[in-house]
Amino acid sequence: METVVLDPAGGAVLEEAARLRATGPVARVVLPGGVEAWTVTDVALLRPMLVDPRISKDSHQHWTALADGEITPQWPLYTWVTSKSMFNSYGDEHRRLRKSVARAFTARRTREMRPKVEAATAATLDRLAVAGADGGVVDLRELFAYPIPIEVICDLIGVPAEVRGDMRRCADTLMDTSTTAAEALATQIELGKLIAGLVQAKREAPGEDLTSTVAEALTDDEAVSTVRLMLIAGHETTVNLLASATRLLLTHPRVLAAARAGEVSWSAVVDETLRVAPPVVYIPLRFAVEDLELGGVQIRKGDPIIAAFGAPGRDPAVHQEPTVFDPARADRTHLAFGGGAHHCPGEPLARLEAEIALPALFERFPDLRLVEPDGDHGQVPGFVANGPARLPARLS
């Protein structure tokens, strides 16, 4: 079986996922630091894998190499797989930790967030109008796609305005899988201190925010890890969703016209973006709790597995013309929000943000256009996330 070395910088992450899919439904990959793992790209295997009790996300319990001391804090992805939060937990422990945040993402709470999302969108578009006055070039990723999710998640978490910039910088660094182990560890420590201060403040003066909730329900370490997870996962993915959708709409004017005319729904636009330009491609890591078979491949107890959530949406066995952006297609199957016990709890909020922000952008700036529609917009660093690094545009 061919072993594929994943590019830590994620320069062509969707093309890499296609190469993995071509090698078979289960492939062997090399992660940063020379660590080998299995990756699963086939949706027919991914879906049952995500609910299989024989597969865990708890590295402390189920990763043999970690238990044996082969994986140390010097490994670049160490912080990804060892933090004590619902992201890296299993069974009853996962259910306990997830319960602490579940109330923040109920359908009712999501509906209650609508005014905040609308206000964040309006304020963002006002600032964008000022930045793009007199035909100036604006970066739609930085000035449109980023401010809305970061403001919404920081409001939900209860982050004071004076530390939001530092938290954003730390979150960006930790999402970059090409970051060195030393940089990742230093950033993890810095962000941990910022969040620990926030948790302590909320213990002393609780409010109606998520940090107050988890500070009451969890230990200090668990609360810090949970807030860190919510901060990073709660905005980075939505930033990429908004940036990718904006680029796709601006490079497909007929689709944009159909969406603005109500011929296709904005919900369909969001789902099609999630399919063809998934905000997350790989999620590290899962571990075999016992010897098992996946797609005819024998996987040993303790072996690491990386789920390629970005692969099914572009699978030609699932979709006709899989790289074509067409929100009117009947089947927009994707796994952008994962599945099973670890399904992203923030999915309703991410959808709400996109379905408010995208139509508002094009209503406010109907003549919006990219400076170079066919140009290279770069790629966000790392192999986990996927999205354009920049979107230079003019408002009129």
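Figure 1. R127 is found in helix 8. The model shown here and in every other view is predicted. With a relative accessible area of 45%, R127 is partly exposed. Set aside the neighbours within four places in sequence, and R127 is in contact with P147 and E151. R254 is 127 residues from R127 along the chain. The C-alpha atoms of R127 and R254 are separated by 28 Å.

Figure 2. A133 lies in the loop between helix 8 and strand 5. D134 is placed in the loop between helix 8 (114-131) and strand 5 (138-139). How exposed is A133? A133 has a relative accessible area of 40% and is partly exposed. D134 counts as exposed, at 85% relative accessibility. A133 and I148 are 15 residues apart in sequence. In space they are 20 Å apart, C-alpha to C-alpha.

**Figure 3. Backbone angles at D134 and E321.** Most residues other than glycine have a negative phi. D134 has a positive phi of about 60°, although it is not a glycine. E321 also has a positive phi, near 45°, and is a residue other than glycine. Where does E321 lie? E321 sits in the loop between strand 9 (304-307) and helix 18 (347-364). At 59% relative accessibility, E321 counts as exposed.

**Figure 4. The cis peptide bond from P284 to L285.** Most peptide bonds are trans. The bond from P284 to L285 is cis. Its omega is near -15°. L285 is found in strand 6, which covers residues 283-288.

**Figure 5. V289 and its contacts.** V289 is in the loop between strand 6 and strand 7 (292-294). Which residues is V289 in contact with, leaving aside its neighbours within four places in sequence? They are P53, R54, I55, S56, H62, Y90 and K301. L231 and V289 are 58 residues apart in sequence. Their C-alpha atoms are 29 Å apart in space.

**Figure 6. Helix 15 and its span.** Helix 15 runs over residues 236-250. Its 15 residues, at 1.5 Å a residue, should span 21 Å. The end C-alpha atoms are 21 Å apart, which agrees. Is helix 15 largely enclosed or exposed? Of its 15 residues, 13 are buried, so the rest of the structure largely encloses helix 15. Buried here means under 20% relative accessible area.

Figure 7. Helix 17 covers residues 266-276. How many of its 11 residues are buried? The count is 10, so helix 17 is largely enclosed by the rest of the structure. The buried set includes W266, V269, V270 and L274. Charged side chains are in the set too, among them D271, E272 and R275. The buried residues of helix 17 pack against helix 1 (13-23), helix 15, helix 16 (253-260) and helix 18. An α-helix has 3.6 residues a turn, so residues three or four places apart point the same way.

**Figure 8. A217 and A317.** A217 lies in helix 13, which covers residues 210-217. Its relative accessible area is 48%, so A217 is partly exposed. A317 is 100 residues from A217 along the chain. The C-alpha atoms of the two residues are separated by 45 Å.

**Figure 9. The setting for the close-ups.** The protein chain has 18 helices and 11 strands. Its radius of gyration is 21 Å, close to the 21 Å that the globule rule gives for 396 residues, so the chain is as compact as a globular protein of that length. The C-alpha atoms fill a box of roughly 60 × 55 × 40 Å along the principal axes. Of the 396 residues, 55% count as buried. Take the contacts with a separation of 6 or more: residues 24 or more positions apart account for 72% of them. The accessible surface of the chain comes to about 16,400 Å². Carbon and sulfur atoms hold 51% of that surface. The chain has 41 positive and 53 negative side chains. The centres of the two sets lie 3 Å apart.

Terms used
Residues are numbered from 1 along each chain as its sequence is written. This is a predicted model: local features need pLDDT of at least 70, side-chain atom pairs count only at pLDDT 80 or more; totals for chains, interfaces and linings use all residues. Side-chain values use heavy atoms; hydrogens and water are left out. Helices (H or I, at least four residues) and strands (E, at least two) are DSSP runs, numbered from the N terminus. The radius of gyration is taken over C-alpha atoms; the globule rule is 2.2 Å times the number of residues to the power 0.38. Buried means under 20% relative accessible area, exposed over 50%, partly exposed in between (1.4 Å probe, protein chains only). Contact means heavy atoms within 4.5 Å. Accessible areas come from the Shrake-Rupley method with a 1.4 Å probe; for residues, only the protein chains shown count as cover. The place of a charge is taken as NZ of Lys, CZ of Arg, CG of Asp or CD of Glu. The expected span of a helix is 1.5 Å times one less than its number of residues.
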